[in-house]
Amino acid sequence: MNPLEGRSVALGVSGSIACYKAVDLASKLVQLGARVDVMMTEAAMEFVAPLTFAAVTHRPVVESLFDPKSEISIDHVAIAERADAVVIAPATAQTIAKLALGLADDPIGATVLATAAPVIVCPAMDAHMYDNPATQMNVETLASRGFVIAGPAEGRLASGLMGKGRLIETAEMVGHLRLALGRRGSLAGRKVVVSAGGTKEDIDPVRFIGNRSTGKMGYAVAEAAIDLGAETVIVAAPNALQPPVGARVEAVRSALEMRDAVLAESSDADAVVMAAAVADWRPRERSASKLKKGGRSSFSLDLERTPDIIAEVERRGLVKVGFAAESDDVLANARKKIAPKGLDLIAANDVTAPGSGFGSDTNRVTLIDRGGNVEELGVMTKYEVGRRILDRVASLLGCPAARRDAQPPAR
Ligand code: C5P
């Protein structure tokens, strides 16, 4: 279920001090199961030895178009044709200029010209070089041709100055790659709205009613939605997680804010997955100033019900998925929620069971559909749970299976 497993990635490395970070990227991609073909410019080889990449990828590194060790000298488009995606990281001003011109005098240029796969360009250079109109024009040219321009980030540059020109972090490069590879997934062209995290219901400016949800389950569903090619919106209650590259985050705090955002986003969505832990009760009144103890020995809050958000989402050709986090009679309690909430599918889990629940990276979920059919999933990562749920969503929507092995479309 790893989106990079068995995929071919062509990694073009050009000459910047950020080359050492490309080693980390290559290593990460290999760990995720990708086959990585590294192509280096002469300048890149001044910074990092090809042997470093060869050791990390367990494959020969392409050093020139006429390199007798490389298949590129026999078939100059071999890597271009095999690649599911091409990543240029770091991409220097020089390499970007050459790509904009369509030059093919090195393995990176030739591969980019010949490939039909998505190309992700990760610039890295001095801020002035990046801001220069020549570079800006070249970047725009590449973007207009459908290349993904990922970065650069702002921060400390090799010169010691602060500015825009840093290569983006490995995790972000992997995120862009997953976004590109997912484009032909089973949910391509579909919109998925995922709610995540626990809502906070304010009592006064310092106190709130909250719950133990971390948002991990919802974010894992969003990651899976990106990998399947969906336009993905996370309606996120406060949390500390990094959203997947490509997801749009609508930040909310309370159940009422979450309702407004979910209803607005669901109007043109194909599926809504409510993974958020929504407060059932909210203080009837929120104090504008901090409440004082005032010598009282007890205190009671007047609470009112929050709206049932998923119940308010109209079905109209849209698939509705809920979660039931239970501690007792898990399946029976989950089943009872399907009809009143108008769900197509509910993911029931015992939050007290080992390998389940809040903060954990794994979950043990049972899926129950409207017809009462039960599918018990063993303990698996929350990401895998997300994939399983979205596979069911795709089949309920009548989506064709992913075209992972089909001929890639032109950019
Ligand atoms: O809290 P409950 O067990 O009813 O939650 C079941 C499902 O309903 C979950 O998917 C949850 O996100 C959703 N829910 C909601 N609005 C609420 C409470 C729960 O949409 N006010």
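## Five-stranded sheet

Five strands make up an open sheet with parallel pairing, in the order β2-β1-β3-β4-β5. Strands β2 (35–40) and β5 (148–149) are at its edges, each with a single partner strand, so one side of each has no neighbour in the sheet. Two strands count as paired if DSSP finds at least two bridges between them. Helices (H or I, at least four residues) and strands (E, at least two) are DSSP runs, numbered from the N terminus. This is a predicted model, in which local features need pLDDT of at least 70 and side-chain atom pairs count only at pLDDT 80 or more, while totals for chains, interfaces and linings use all residues. Residues are numbered from 1 along each chain as its sequence is written, and side-chain values use heavy atoms, with hydrogens and water left out.

Within this sheet, β3 (residues 85–91) and β4 (residues 119–123) run parallel and are joined by four bridges. V87 is opposite I120 in β4. Helix α1 (residues 19–31) packs on the sheet and touches β1 (8–13), β2 and β3; its direction makes about 175 degrees with that of β1. Contact here means heavy atoms within 4.5 Å. Axes are lines fitted to C-alpha atoms, for helices over the stretch in contact, and angles run from 0 to 180 degrees between N-to-C directions.

## Eight-stranded sheet

Eight strands form an open sheet of mixed pairing, ordered β12-β11-β8-β13-β16-β17-β18-β19. At the edges stand β12 (248–251) and β19 (374–381), each with a single partner strand, so one side of each is left without a neighbour in the sheet. From one strand to the next, the twist averages 20 degrees. Strand β11 (residues 231–236) runs parallel to β12 and is joined to β12 by four bridges; V233 has R248 in β12 as its bridge partner.

Helix α14 (residues 382–396) lies across β8, β13, β16, β17 (345–350), β18 and β19, and runs at about 145 degrees to β19.

## Hairpin of β6 and β7

Strands β6 (residues 153–156) and β7 (residues 162–166) pair in the antiparallel sense over four bridges. G155 is opposite G163 in β7. Five residues lie between the strands of this hairpin, where G160 takes a positive phi near 95 degrees.

## D202

D202 lies in strand β9 (residues 201–202). Its side chain makes a polar contact with the side chain of R253 at 2.7 Å. A polar contact is a pair of N or O atoms within 3.5 Å; within protein, one must be able to donate a hydrogen and the other to accept it, and residues adjacent in sequence count only if both atoms are side-chain atoms. Leaving aside neighbours within four places in sequence, D202 is in contact with R207, F208, R253, P283 and R286.

## Ligand site

Of the 13 residues around the ligand, M274, A276, P307, F323 and K337 come nearest; a residue is near a molecule if one of its heavy atoms lies within 4 Å of it. A backbone N or O atom of P307 is 2.8 Å from a nitrogen atom of the ligand. A polar side-chain atom of D308 is 3.5 Å from a ligand nitrogen atom, and a polar backbone atom of I310 is 2.9 Å from a ligand oxygen atom. Two or more residues of the shell come from each of α12 (309–312), β16 (319–326) and α13 (330–341).
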